[in-house]
Structures are given as structure tokens and as C-alpha cells.
Amino acid sequence: MTTTVTDLYPSRGATEVSIPRKDPVVWSAPGTPGPIATGDLEAFERDGFLAVDQIIGPDEVPVYQHELERLVTDPDIRADERSIIEPKSKEIRSVFEVHKISEVFANLVRDERVVGRARQILGSDVYVHQSRINVKPGFGASGFYWHSDFETWHAEDGLPNMRTVSVSIALTENYDTNGGLMIMPGSHRTFLGCAGATPKDNYKQSLQMQDAGTPSDEALTAMASEYGIKLFTGKAGSATWFDCNCMHGSGDNITPFPRSNVFIVFNSVENQAVEPFAAPIRRPEFIGARDFTPVK
């Protein structure tokens, strides 16, 4: 028997729509213990993001750098459907489901410094909706255009509510010039439903160059004018936590300095994916998980 779930955030229709957020940002009760200090949690609720100067130590960073290098140079990994290849350079852009193909990254997901923050924000046990390493080498690696992750995860993966949080952990230094993450502070409080139907197997194109689920220039101009844009920099080992509905993106990296990170998406076990709200078929499970086993 199929359970009908109300679509709180319509998208991919004939026109672009702007809808106030209907869900909390921080789901845990005030005073709930956890690794995030009260003031930082309040800032996350207000801005939609939280920067952590050092989530993994300098002695740990080389372990993850070495594992990233091993994965992106492994011919079997390159041939795997979980690897996304740059259209121009033909180099690996992303490798998905790294917590399942790498024990090193599996241990990072289970690390209390990581999963503990996710549980505190989401107010429940969590599972991994998506994990990947992103590789942005120098001299022309392409960026990720402006988007809300939740818009895609809702439309194409069937996540009902905004009860999902992401962490991007830098494995190389993030300068202000090498294609770093940009977020519009406060944008997480407005859902932008994008115009245009979702093509079948849209993920094959969108993971290289996004089209469906892309906001209009007019909407982005209005949001940037209202919220501004924050660019994140930091040493290897630093992290940025951000709400699933933040409007964010990153530019191309035309510097000689690579920018690589591991990206983990935690979803509440109480917000399990249903059928897509605005797509003809589900995306593959290595992109939108259907294994809701809590991280322990």
C-alpha cells in the first residue's frame, strides 16, 4: 500500500515559485547536549551554515588526502558508475558513495565530531543520504552552479521535509580564488521552486552541468540582493555545515591550486525518502540512498 505524502514544496512546474520554509532549521530541543555550542547553533539557525575551523586535525588530513588520491587514480573506480567525469578534461569530478567503497571515509562518517553535529542539528538519529568526494584540480576544473540541494532531493529523491544537513570537509586549502563554496546567508528560509519539468535520467547531465532545478537569473539576483553572498575559505581539515535549503554554488578553479573536499549529507531517520515529488523515476541509490540504517 502506497502512503500519500503531502508535497509541501512544489517545484518543476510551469513557473518559478517562492515559498516560505515550513520546517524548523534546528530540530533538537533547546539545551540538547552535543558538540555544537549554543551560540553556534543559534547562528546556524539564523544563517543556515556553520564554519568549523578544524573538524579533523593536521595529523589526520594526510590520511584522507591519500585515500582521495587512491580512489581517483584507481581504474576500477574510474570505470564505476559512481564516478562522474569532467566533460572537458575527462578527469574524475566526483566519486559517490565513498562511505561504502572506502573504510577510511566510512570511519569519518561515524566519527562523533561529524555525526554528532548532524544528530544535534536534526534532533534524531541520522543516515547518510549521499556521500562523495569532490575533486577540483587547478587550471580549469568547473564549478557547481547556484542551487538548493533540497530542491533536487525533494523533486528527484523524494525527501519530504527540510530535515537534512550537509558537511563539506576541506582536504586541501580553500583560498578565496580556487573555486570555494559560496552561500547566501538566510536563503534557507525561502524555498525556490524551479520552473521546467525533470527529464528522465536527469542526474546523468546534472552532475556534470546542472540545468533542471536551476533558479532564474531574476530570482538569483533578488536573493543575492537580499541575503548577500558568503565565500568560505579555510585550511585543510576545516568544515562548513549547511542547511539543505541554502542557495549555494562554487566557481571554476582556474588557479594552479587544487580544491578537494569530502561531502556528506545526513538525513533524519524520521524523514525517509518516498517517491520523487517531481521526477519520472528515482535517481540511483548511490546518489539518493534508500538504505535508512542509522549511523552508529
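Let's start with the inside: sorted by class, the largest cavity is lined by 10 nonpolar, 15 polar and 8 charged residues. Here Ala, Val, Leu, Ile, Met, Phe, Trp, Tyr, Cys and Pro count as nonpolar, Asp, Glu, Lys and Arg as charged, and the others, Gly among them, as polar. Keep in mind that this is a predicted model, where local features need pLDDT of at least 70, side-chain atom pairs count only at pLDDT 80 or more, and totals for chains, interfaces and linings use all residues. Residues are numbered from 1 along each chain as its sequence is written, and side-chain values use heavy atoms, with hydrogens and water left out.

What is a cavity here? On a 1 Å grid over the protein atoms alone, it's a set of points where a 1.4 Å probe fits but cannot get out, and lining residues have an atom within 4 Å of a point. Grid points are joined across faces, edges and corners, and the volume is the space filled by probe spheres set on the points.

Counted that way, there are 3 cavities of 30 Å³ or more. The largest has a volume of about 470 Å³. Its lining takes in 33 residues, and those nearest the centre are Arg132, Phe144, His147, Asp149 and His248. Two or more lining residues come from each of strands S4 (92-96), S5 (126-136), S6 (144-148), S12 (247-250) and S13 (259-268), plus helix H7 (149-157). S5 gives the most, with 5 residues. Helices (H or I, at least four residues) and strands (E, at least two) are DSSP runs, numbered from the N terminus.

The second largest cavity has a volume of about 80 Å³. Of its 12 lining residues, Glu156, Asp201, Asn202, Ile281 and Arg283 are closest to the centre. By class, that lining has 5 nonpolar, 2 polar and 5 charged residues.

Now for two single residues. Ile56 sits in the loop between strand S2 (49-52) and helix H2 (61-72). Is Ile56 buried or exposed? It counts as buried because its relative accessibility is 1%, and buried means under 20% relative accessible area with a 1.4 Å probe, protein chains only. Leaving out residues up to four places away in sequence, Ile56 touches Val61, Tyr64, Leu108, Arg113, Ile169, Leu171 and Gly237, a contact being heavy atoms within 4.5 Å.

Thr240 belongs to strand S11 (residues 239-243). With a relative accessible area of 9%, Thr240 is buried. Under the sequence rule of up to four places, its contacts are Leu50, Ala51, Ser166, Val167, Ser168, Leu181, Ile183 and Phe232.

How values were computed
Buried < 20%, exposed > 50% of the residue type's maximum accessible area, 1.4 Å probe, protein only. 1 Å grid on protein atoms, 1.4 Å probe; cavity = no way out; pocket = protein on both sides within 12 Å on 5 of 7 lines; lining within 4 Å.
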